[in-house]
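Here's a quick walk through one protein model, for anyone meeting it for the first time. Have a look at the picture, then read on.

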Amino acid sequence: MKQFVVLCLTGLALLGCSDNDSSTPPISSPATGDTSNPLVGAWQNGEQTLVLEENGDFYLPADNQRQGLTWENQDGTFTFRYLDNSRLAVETQSASGEQQQDTLSLSPSTHSTGEEEQTDSPLFTGDYQRANDAVGHLSGKVELPEDSELPDKAVLTVSLLTSNDEAVIRRLIPLTSDALSQPFRLYYPASAVNADSDYQVRSQILADGGLFFESEPTPLVVTRGQFADITLPLSAVMTASETLRGALVYQYGTTSLILCNSDRRLQLAGPQRDDLIDAYEAAREYPLQPRVATISGLLRKVPGEQEGSTQSGIIVESFSLESGYDDCRLPSAELTNTRWQLSALGDKTLDASSKQQPYLTLDSEGNVHGNAGCNGLNGSYQLNNDSLSFGAIATTRKACPDMTGEQAFLQALKATNGFRIDGELLTLFDDNNQSLAGFQAIAL
C-alpha cells in the first residue's frame, strides 16, 4: 500500500546514507543450520524472534515495524542495528549478553547513540531460547544483465509473496559492490507459511526513488518442507533521457509534473527533486498555483501507490521555471457538478492522508453542499464571471475534538469574493486577491 511505498523510499534513503561497511560481506550459511559459533541461530523470547548470522547480518522475522540490519558481540556487549519504520530512522541498541547452551540472556546496556534518535526503552532484553524451528528461510541470488551498471546507493528489495501477491516478508539490502550476481536471504516465521499453499518471490533494484531493474514474480519450489534456493534474473527497466516541458502542480498530496497540452502525469524523483520542489514552492503566488517547468532527466518507473505497482516518473537532473503557464493547457474541471476536495487553507497545503477531507460541490442551481471536516454544510452561492461569493452556510451540529480547521474553512467561504480554476485545481480569493482556500477536483 501507499504506506509501504513511503516507508520503502525512506528506508532507501536511510540505508544509503548510513555508515555501512565499504563492501558487503559474503552471504553465510543459514543461521538455522550447523555452525561452530554458538551465538548463531534463531532466538525467541515471547513474540520476538532474533536471527543472528555468522557474517553479522541481523534479522527480525516476526517484527512488522522493524528490519534487522547488523549485529556484533564484543566481550559480552551486543550491538544491534535495525531500521525502525515507525521512526523512519536507523537505530542502534546495545545489550549485555550471556549465552549458556540454548539460552541467550540479554539485559539493558547503555544505549548507543541512534543514527537518528535513540529508542525510548530496550527492545532486546530477557531470556531468549534457541528456536531454529520457529523460522524458515529463502536463500538465493539475483543476476543482472551483462554489462549492467548499478546506480549509486542502489538497494535490492526482495519480497516473499503468496500466490495472491500478499507479502509474507520483505527485506531491503544495500548493495555496496558492483557484482552482477548479488546474494540474498529472507527469514520468515515458520507459522506464516502453509505447506499446502503456493508462494512466489519478486525482486527490484531501486535508487533515488527510481526503479532500475526488476524480476518477474517467480514461483517457488518446496523441497523437504523448505524453499529451494533460487536464482532471479533481473531485467533493466526501459528508460530514456529527455527534456520535457510541463506544469508543476500540487495534487493528491504530492507535487508532480503534468506535460503541457496532455494528461500525462510524471512523479518527481532523484537527487534534484527536493531542490525543484523548493524552487516551485518559492515561486508560486498561492499554494495551488501551477508553474511551468522545463525538466531534463531520465524517465523511469517509480513505486506506485499500490504495493508492488509502478508509475511513470522522471529522475530530475536539471530544471528551469517559467513565470506563467498560459500556453500550457492542462486537463480541466468545471466549477459546477465537481466535488472539490480541500487541499490548501490560507497559505498552507494540507496533508492528503487526513481521514475526513473537507469538500464542496456547487450545483448548477446556485446551491452548495459538502463537509467542513466534522460537520456537513449546505448553502447558496452567487457567480458572476470571475466573481464568486457564498450566502449563509448552515452546518450540522456535531462536536469534534478539534474544530479549529473547520472554523477556518467556514471563515474562508464567508470571505470569498473571487475564484480561479487552474486545470483541476480551484482557488478561492478574498476582495484583496489573497488566497483563502484551494481544492482539487474529484469528478462526480
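## Aromatic pairs

Rings of Phe, Tyr and Trp (its six-membered ring) count as a pair if their centres lie within 6.5 Å; planes under 30 degrees apart are called stacked, over 60 edge-to-face, and the rest tilted. By this rule there are 11 aromatic pairs. Before going further: this is a predicted model, where local features need pLDDT of at least 70 and side-chain atom pairs count only at pLDDT 80 or more, while totals for chains, interfaces and linings use all residues. Residues are numbered from 1 along each chain as its sequence is written, and side-chain values use heavy atoms, leaving out hydrogens and water.

Take Phe-58 and Phe-80: their ring centres are 5.0 Å apart and their planes sit at 45°, so this pair is tilted. Phe-58 belongs to strand E3 and Phe-80 to strand E5, so the pair ties together parts 22 residues apart in sequence. (Strands, E, of at least two residues and helices, H or I, of at least four are DSSP runs, numbered from the N terminus.) Both Phe-58 and Phe-80 are buried, meaning under 20% relative accessible area, with exposed over 50% and partly exposed in between (1.4 Å probe, protein chains only).

Then there's Tyr-59 with Tyr-187, an edge-to-face pair at 4.6 Å centre to centre and 70° between the planes. Tyr-59 is in strand E3 and Tyr-187 in strand E12, so this pair links parts 128 residues apart in sequence. The charged end of Arg-171 also sits over the ring of Tyr-59, 3.9 Å from its centre; the rule here is NZ of Lys or CZ of Arg within 6 Å of the ring centre and within 35 degrees of the ring normal.

## The open sheet

8 strands make an open sheet, in the order E3-E2-E1-E8-E7-E6-E5-E4, with antiparallel pairing. Strands pair if DSSP finds at least two bridges between them. At the edges are E3 (58–59) and E4 (66–74), each pairing on one side only.

E4 is joined to E5 (residues 77–84) by 8 bridges, and Trp-71 stands opposite Phe-80 in E5. Trp-71 and Phe-80 turn up again in one aromatic cluster, along with Phe-58, Phe-78, Tyr-82 and Phe-124.

## Strand E9

What about E9? 7 of its 9 residues are buried, so E9 is largely enclosed by the rest of the structure. E9 pairs antiparallel with E12 (residues 181–189) over 9 bridges, and parallel with E18 (residues 230–233) over 4 bridges.
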